[in-house]
Amino acid sequence: MSSSLPLEHSDEELITRTQKGDSEAYGILYDRYVDALFRYIYYRLRDEQESQDLTEETFIKVWDTVKDKGTGIYNFKAWLYRIAHNLVVDHYRKSKEILSLDNIVALSDGEPLPENILQDQETQIQLMNAVAQLEPELQQLITLRFGNGYSHRETAEIMKVKEGHLRVMQHRALKKLYKLLSKEVEQS
Amino acid sequence: MSDEVVNVLAEALEAIEKGNLTPSECLERYPEHRDELRDLLYFAVTIKGTHLPAIDPEFRSAARSRIIQAVTVPKPRTLPETLLHIWNTYIWVSFTRRPVLSYAVVVALILIMASVGTVYASTSALPGDSLYSVKTSVEDARLWFTSDDQQVELYLQFTNERIREIKALMEGGRYENIPQAVERFENQVKEATDKEPEESRNGPRLVSVKMEAFSNHKDALNNLMITAPDQAKPALAHAIAVSDQAQHKLSDNLARSTPEIPPTQTETPASAPAALTPTLPSAPVVVPTQTPTSTQTATPTATPSRTSQPTRTAIPTATPSQTPEPTNTPTPIENPSQTPSSTAIPSQTPQPTQTVTPSVTPTVLPTATETVTPIPPTNTPTPSPTSTTVNPEACNGVLGAITVGSLRVPPGATCTLDGTIVEGNAVVEESGALIAYSARIDGNLDAQKSASVELLSGTEVNGNIQILLSGPVRIISIYAGRNLRLEGNSQGHEISSSWIIGNVDIVQNTGGVSISNNTINGNLACTGNIPLPTGDNNNVGGNATGQCALLR
């Protein structure tokens, strides 16, 4: 797992090294993004096993896409999330399951949660179910901004939209989500 | 919602994320928006803290090893390395024993080996390799020296080689080179199909050989399609369609010229897409057999013409006619595996028992004459249905792997095609929505004032695609056999990872258009879009102009 390459190598340099045969360089990219990518996918799929499988598949698909592109890789992170988004959308097409308490991972691991975290597991499920009812682009935005904690600029880069447009989408997404969750809380 | 509130919300969130302000300080800063902001701000802060699990460490480590293995590619020996190996092993040894004679022999050998070696090395070349042009030249030369009688078999041999190339490109992950192999495959299948009239003395035997070859091609391509990534699906789907059409053409020719010889294989088109959707329950092919007893002639409606565009005739809109009790009414097949309350795929609504059966003549959209078409489409513009009558299938719900004559999405309906084949045209009417996964539309696709159009995952449209004055458009990983036009649409659009044979025109759309990773044989022209289209990595055979000039 160790590599002689320092972590400050850029994504593009690591891709170039991988293209030249240094597969460990791709391992460094994997280490760099796997946790955030898993969280992104889990936020939308709400299934640990599926999320792990899709995370692995994303890294392989990204390699398949970029390996012959020479030095033309300008934003590996954007490619990664774009492909993950497409895989999640394909996954939704094949199976739509509403998350239930029975098939989620224990989210708190028994540790007491800070006050600003949704402590109630049922509320977390409601949140994720509500996110799943948004359009794919809004799901992606909510997940990147509030699940992964990316800034407006980073999120706009990944989603390949202008930042102004992203702000409009964010406002719309939050309003919709708030409305959906309020309805769910009322009904339950 | 005002722009100001949108920006204030975004700025407030950024300030909170950076730790510069608290939520209540933000609200104090913008008192005029306090009411509108309060709930959303606190809500956003709350959901930001949602706890998410970490990836399992064991899985993380095991996946890392698998991924590193997947990206490790053994370096193949290049031609110079091969020649060097031969030199070191065989030539240099004899050179050191008889130097004078060896010099002359060696020089001659080098010259011969260079040319033979080049030709030899080219036999395994793939599209995109520097020696591929040598390979195709050798093939053309062989045809030149072959009699007409034997050319058919040679063409079939070459089509087998194309399949082998496609397979090798798939294994090597070189998906962007697959269209080149498919294009040559299509030309050679056409030559093999058209050569040697069936009534000649070799006719029946050659027909049988051709049928078998095309069937084998189709099987091999269908197998590749099962594991193909989205990027490769459009090209593979087109190759399958080419084999399919060749088989049909042979059957039709045979039926006309030698009716006493039955075709060696018949296959319903629905079997091809069914292989693409293994998770669906198998659906019977719906073949409407009724013929309308009273029909009305469709009346064309005029569309406004622009000064910069040639005058267009709209797709004739059908006038429905009443029919007596149908004996076989095609209805959307309900997919029992889907959750009824899901929002991505709408719930089923039962179809009325009356069948709308207008007669509609498919109309081909003319291409814009002011743009250059370097590779004009060669296919017949108006496909004729072979085994079904032209009945516009009114779709509201999900259609699975069935074949319909043509398709109509009525106003307000949402139609999902999953492996469906539409042998004629498809029309999406006002406020209708169309989502297509791995579907095939042999005619044109026309959507005007529709809610949205999504063409995804290996969908193939062999005619023109025209989407006007509609909502969001997503075109991802499809094959388009002719032109694509998006005009006056709103709310954001995406065209990616697709192969478009004709021209692409993106005109006066709003909400943003993203155009990336496409192969466009014709031109890419963009004008009047707000904001400017974005994207990159498009392989454009013709010209990229206007707002899309830099999107190559």
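Start by selecting H493(B): leaving out residues up to four places away in sequence, H493(B) touches G471(B), P472(B), V473(B), L486(B), N509(B), T510(B), G512(B), V513(B) and S514(B), where contact means heavy atoms within 4.5 Å. This is a predicted model, in which local features need pLDDT of at least 70, side-chain atom pairs count only at pLDDT 80 or more, and totals for chains, interfaces and linings use all residues. Residues are numbered from 1 along each chain as its sequence is written, chains are lettered from A and ligands numbered from 1 in the order in which they are written, and side-chain values use heavy atoms, with hydrogens and water left out.

Helices (H or I, at least four residues) and strands (E, at least two) are DSSP runs, numbered from the N terminus. H493(B) is buried, at 6% relative accessible area; buried means under 20%, exposed over 50% and partly exposed in between (1.4 Å probe, protein chains only). Show the backbone of N489(B) too, and you'll find its oxygen 3.4 Å from a polar atom of the H493(B) side chain.

Next, pick A232(B), in the loop between α10 (203-226) and α11 (233-257) of chain B. How buried is A232(B)? Its relative accessible area is 0%. Beyond its neighbours within four places in sequence, A232(B) contacts M170(B), Y175(B) and I178(B).

Time for salt bridges (a side-chain nitrogen of Lys or Arg within 4 Å of a carboxyl oxygen of Asp or Glu). The structure holds 35 of them over all chains. Some stops:

- R174(B) and D129(B): their side chains meet at 2.9 Å, N to O. R174(B) is in the loop between α8 (148-171) and α9 (178-194), and D129(B) in the loop between α6 (99-122) and α7 (132-144), 45 residues apart. R174(B) is buried at 18%, while D129(B) is partly exposed at 28%.
- R440(B) and D244(B): here the N to O distance is 3.5 Å. R440(B) lies in strand β9 (residues 440-441) and D244(B) in helix α11, so the pair ties together parts 196 residues apart in sequence. D244(B) is buried, at 2%, and R440(B) is buried too, at 13%.
- For a network of salt bridges, select K135(B), E139(B), D140(B), E161(B), R162(B), R164(B), E165(B) and R184(B) together.

Now bring chain A into view.

Zoom in on one of them, D536(B) with K160(A), whose closest N and O atoms are 3.6 Å apart.

Finish at E24(A) and R64(B), a salt bridge at 2.8 Å, N to O. This pair crosses between chains, from helix α2 (residues 23-45) of chain A to helix α4 of chain B. E24(A) counts as buried at 18%, and R64(B) is buried at 4%.

Methods:
A polar contact is a pair of N or O atoms within 3.5 Å; within protein, one must be able to donate a hydrogen and the other to accept it, and residues adjacent in sequence count only if both atoms are side-chain atoms.
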